[in-house]
Amino acid sequence: MSETGRKVVLVTDAMAEEGLEILSNHPQIELRNKPGLPADELLKEIQDAHALMVRSGTKVRKPALEAGSILKVVGRAGTGVDNIDVEEATRRGVVVMNTPGGNSVAACEHTFALLLSLMRHVPNAAKDLAGGKWNRKLYMGRQLQGRTLGLIGFGRIGREVASRARAFGMDVLVNDPFVSEELARECDCTLATREEVFTKSDVLSLHVPLNDETRGMINQATMKTMKPGVVLLNCARGGLIQ
């Protein structure tokens, strides 16, 4: 307990003000909002914290969990928990919670923002136009209709991306060890092996967590199997690409 007798909730990454207001107004919670807290300061601040709230910036490794002797829960505002030592937390009886679905649509829309920008050369065209140049033929771009989108990962975000891709008239291949052919068909997609997705896709989009199985999945060897000019999108974790 804090000196006030309330439960201490330590927040070390930027959170929405609406959420912080709920915590700060709760009579049994003492909110300590310290976004961007350095690792050495985290070891001090976590000592009397009952709960820790993070995004992807804070690394919750063994030293922090050891220092948090009364810590009960780590809440991750987002989906991925690769910045948290889940195994060590579990060993210590600390519950790790995430918020799958909370940002699925936002991540999906960001994926399509990048895709359309790349297919239509928007950044380069905008730069030239701002410089007084009008290179219409140079930036004709490519349309999405009739092209094949390959999805590595078919969770909440992957399915959101697939539904919009189908609306654009794209064929969608999906690879996910936890997805059945029936579910893929229900989403008007085709289940495929990872190798098939790599070799047949005009656009390849990654939507998987970062772990030992997925780390570096996109590398020199796998890229050699892809189509020339394939568009590669990674709105998941940087470590997926070697």
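# A tour of salt bridges and a parallel sheet

Begin by selecting Glu66, Glu88, Arg91 and Arg92, which in this predicted model are linked in a network of salt bridges. Within this group, look at the pair formed by glutamate 66 and arginine 92, whose side chains meet in a salt bridge of 3.6 Å, N to O. Because glutamate 66 belongs to helix H3 (residues 62-67) while arginine 92 sits in the loop between helix H4 (86-91) and S5, the pair ties together parts that are 26 residues apart in sequence. Glutamate 66 is partly exposed, at 41% relative accessibility, and arginine 92 is also partly exposed, with a relative accessible area of 35%.

Next, select strand S1 (residues 7-11) together with S2, which run parallel and are joined by five bridges. Which residue in S2 stands opposite valine 8? Selecting glutamate 30 shows the residue in question, placed across from valine 8.

Now turn to helix H2 (residues 39-45), where glutamate 41 and lysine 44, being three residues apart, are separated by about one helical turn. Their side chains meet in a salt bridge at 3.9 Å, N to O. Glutamate 41 counts as partly exposed at 28% relative accessibility, whereas lysine 44 is exposed, with a relative accessible area of 54%.

For the last stop, select arginine 166 and aspartate 188, which form a salt bridge whose closest N and O atoms are 2.7 Å apart. This pair links distant parts of the chain, since arginine 166 lies in helix H7 (residues 156-167) and aspartate 188 in the loop between helix H8 (181-186) and strand S8 (190-191), 22 residues apart. Arginine 166 is partly exposed at 27% relative accessibility, and aspartate 188 is partly exposed at 45%. If you wish to continue, the count of salt bridges in the model comes to 12.

How values were computed. Residues numbered from 1 in each chain as written. Predicted model: local features only at pLDDT ≥ 70, side-chain atom pairs only at ≥ 80, totals over all residues. Heavy atoms only, no water. Pairing = 2+ DSSP bridges. Helix = DSSP H or I, 4+ residues; strand = E, 2+ residues; numbered from the N terminus. Salt bridge = Lys/Arg side-chain N within 4 Å of Asp/Glu carboxyl O. Buried < 20%, exposed > 50% of the residue type's maximum accessible area, 1.4 Å probe, protein only.
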